[in-house]
Amino acid sequence: MVENRPGLTALSHAVLILGVLAVAFPLYVTFVASTLRIEDIMSVPMPLLPGDQLVANYSQVLAAGTTTGSKAPVSQMLFNSLVMALGIAIGKITISIIASFAIVYFRFPLRNFFFWMIFVTLMLPVEVRIIPTFKVVSDLGMLNSYVGLTLPLIASATATFLFRQFFLTVPDELAEAARMDGAGPMRFFWDVLLPLSKTSIAALFVIQFIYGWNQYLWPLLITGEESMYTVVIGINRMIVGGDAANEWNLVMATALLAMLPPALVVILMQRWFVKGLVETEK
Amino acid sequence: MEKRVVFRSAWLPYALLAPQIAVTIVFFFWPAVQGAWFSFQLQDPFGLHTQFVGLQNFEALFASEHYLASFRTTAVFSVLVAFFGLAISLVLATMADRVLRGALAYKTLLIWPYAVAPAVAGVLWAFLFAPSIGVVTYVLKRLGIDWNWIIHGDQAMLLVVIASVWKQISYNFLFFLAGLQSIPRSLIEAAAIDGAGPGRRFWTIVFPLLSPTTFFLLVVNIVYAFFDTFGVIDATTQGGPAQATQILVYKVYYDGVKAADLGGSSAQSVILMFIVIALTALQFRFVERRVQY
Amino acid sequence: MIMKSFAATIAAAVLFSPAAYAQTEVQWWHSMGGALGDRVNELASKFNASQKDYKVVATYKGQYPVSMTAAIAAFRAGNAPHILQVFEVGTATMMAAKGAIVPVAKVMADAKEPFNPKAYLPTVAGYYTDLEGNMLSFPFNSSTALFYINRGAFKKAGLEPKAPRTWKEFTATAEKLKASGQECVYTTAWPSWVHIENFSAWHNVPIGTKQNGMGGFDTQFTVNSPLHVRHLSMLGDMAKKGLFTYAGRTNQGDAKFSSGECAMFTGSASAQGGIKKAGKVDWSAHFLPYHDDVKGAPQNSIIGGASLWVMSGRKAEEYKGVAKFLAFLSRPEVQMEWHTGTGYVPITMAAYELTRKSGYYDKEPGAETTIKQLTNKTPTANSKGLRFGNFVQGREVIEEEMEAVFAGKKGAKTALDDAVKRGNEILRKFEATAK
């Protein structure tokens, strides 16, 4: 800040507070709705103060879903989402870091060819190859499985690129020193590179966990059985039809449960996340 | 950029690359090739009769007023999402850059929507705007506005735009904030000494210097509006009413899955792929330029 | 001695051990979630308990479009289920997939299961039967469109809680309700199914040529006839005057009625369950209104819902199990339990009679209205049902055009002409792939 303009500062605070409220408003209404009975929500307008059904509603959805629509227990869905998110995050980081290591630190025939092959996948988000990918997964018998949910999504290029950028900034002296010590490439990788990459890995973990948790189209296509629903899809399936016939209190409870883990991950790992996000896209 | 010091091994790099390449081939290239192949064929859903029809599916698409309308809808939707997403985030970031106290609190409170799935964002806002029971609907009705997005297409568009923008504010905010904080204070101080007020300083110095970030975010937001908003649309309007919110990617899904029109859907996928390539190429060319600043 | 008893023990062990009884599994994919899913599971368990050779495994695969996509993919990969529940709009697609399905008539004949097509309610079975009288799929959950009134709202407006019988009376009643302060007078679910498809059958006019598509894939839509235009125009005017509140393409209208918001409602017979559960409305169910200046009206309404298709590529032994299961489902007691538990219509005359004798309809008059409306008159070529290819898309096209009329954006004639034009394109595309 250059000069002291209290008026402008006050205005800034006001705008920011307004922004925070606008952003938080849907969350607040969701929370309130999840603590009410369905009759309270149906009586227009809905009360804006929390009700007393918090325990009742949340235990209902966790154990047995809704009473009129999908009966899949949300606890199962949360587990599925967790497996998917962790699977994608860990899977992606693992295969990308070693692929990136290979591309940066080795010379071998076809190196550029493989690099471009990975690069091209940026042009092919899943939405562009929906039906054929579904067919391949179905042919491999991977529908309605954790493998089918995670494996097709772990090979995108962004993680490989992030690691590549990072590795390029690692001083050559370190590799030289390792070579002189007689260490092989994998020793170098484990003992030197990996510890250095901790921040990038942490940032990527946050981003990929959220990416995996929030997947919608892919789980929509390949899970038909209720026991394999992720929580994001589960919410969709709970909305049976008509804005009044839904058990909105239960749907909102599920929505909150769906938002909680990724939000926690973001807030707790905020520093790495912000750093990683801003660095990644450069 | 190359490393000076490298390792040599006959087999290790291939082994390290193998997992990623394998998954890429099986789940990216093979389906993409199949998709392209399907786009040249006319087939019944069960695959019992297939005929090769060349470019007929593509011709049918470009002759279909609904497909062309879908382009328009996607364009309108993307522009609205990008413009409002960027504008609102810029305002918030500028304000956050100014205040010293509570900056971290504001940041935390503004970044959590990044964690919300687009589909969930859609459901939340659909609930607020529900024609019979929504809280916001109630307020609108009291103000005399007839709100029923099930029948009014532009209201449905408004709903999905709001849900999509809401979710994206945090992402844009973070980048703008980082961009603002990387502007050298000396430039701003110099301008202040010259007598420029905060408004002038913003438009003549800050905004131009932010342009790389702005441009980058513009491309990201457009790609977001093209693809990631699928969840928003499917969870709320499903492309309706009367295709008012049927963006291109939704049409690919609808035609492929609900209408079992594999040829048409694959042709649309191919066209969409060209659009993505163009956008990604744009983004990368620009990012490369940026690195050289 | 010991050897004999030893041999006997061995023989007994082999005969009664579970391993000796390899049950043939029959995979059944369905789209009945929630309470309906429980009913489906009950059916499967009952069948499994009633005999030892076959085991029906019922799996909920998501809503109709999703489960159909999954089944198609499974078929292409060589492991389709035995039985697939497909919604009525998918009938033509399934029928055209000759290599992928086995007609029910053939399944029953091959397994030598007694099967009498005439025992089934004509309007119900007719939808799923080809022109030669062979039943292609097994009608499972069928309902029809009914007209519901909120008697309490009528009384509050100073009207007799009597349902209008003609559309003329309907509009007059609607205006009186509106004048008395009722905000939502009328709403509907499934707009095309009620106001175009059922409307056409009810008035004995065709929806498309070639007996509504049953006679061949080279059919054309005829929903832009003067009568259709007049009816849609009437709805558009009502929307403009605030007498008709559009709620959406599926069953979103159900909730508006069951919550007490709207005074009159047209929707599926299966809406009764939700209305009863909400318990807010004093309601009654009636025949759909009709235009009394149309000759032949009211004729009979047509069904909606889904049927069970048998997919090809499985072993003969497994098909025997399928046939036994379908025979089980046709039993009057089984049908009666399904009918009274879900609100769907019974599919055989015997089941209908059994339910009537049990006094169920005295307690639940709304349940009988459904069957009475379906059997109002002997079905004609216009009222057996319909069979259009890719009708998922076709119906959406019709609904889009209807929405344009309700929103006041298009006139009824233009909208229906466009619907016919776009609908025919879809039919031609289907015809090309079905050759």
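What covers the buried residues of H13(C)? In this predicted model, the cover includes helix H12 (252–258), strand S7 (262–268), strand S8 (283–286) and helix H18 (365–374) of chain C.

Helix H13 itself spans residues 271–278 of chain C. Its buried residues are C:Ala271, C:Gln272, C:Gly274, C:Ile275 and C:Ala278. Seen down the axis of H13(C), these residues fall within an arc of 165°, so they line one face of the helix. An α-helix has 3.6 residues a turn, so residues three or four places apart point the same way. After H13(C) comes C:Gly279. The phi of C:Gly279 is positive, near 60°.

The setting of this helix is chain C as a whole. Chain C contains 20 helices and nine strands. Its radius of gyration is 24 Å, close to the 22 Å that the globule rule gives for 435 residues, so chain C is as compact as a globular protein of that length. Along the principal axes, the C-alpha atoms of chain C fill a box of roughly 95 × 50 × 35 Å. Of its 435 residues, 54% count as buried. Among contacts in chain C with a separation of 6 or more, 74% join residues 24 or more positions apart.

Chain C also touches chain B. The contact takes 27 residues from chain C and 19 residues from chain B. On the side of chain B that touches chain C, strand S1 (41–43) and helix H11 (248–258) of chain B each supply at least two residues. By class, that side of chain B has eleven nonpolar, six polar and two charged residues.

Conventions: Residues numbered from 1 in each chain as written. Chains lettered and ligands numbered in written order. Predicted model: local features only at pLDDT ≥ 70, side-chain atom pairs only at ≥ 80, totals over all residues. Helix = DSSP H or I, 4+ residues; strand = E, 2+ residues; numbered from the N terminus. Rg over C-alpha atoms; globule rule 2.2 N^0.38 Å. Buried ≥ 20, exposed ≤ 12 C-beta atoms within 10 Å, placed from the backbone. Contact = placed C-beta atoms within 7 Å. Nonpolar A, V, L, I, M, F, W, Y, C, P; charged D, E, K, R; others polar. Arc of directions from axis to C-beta.
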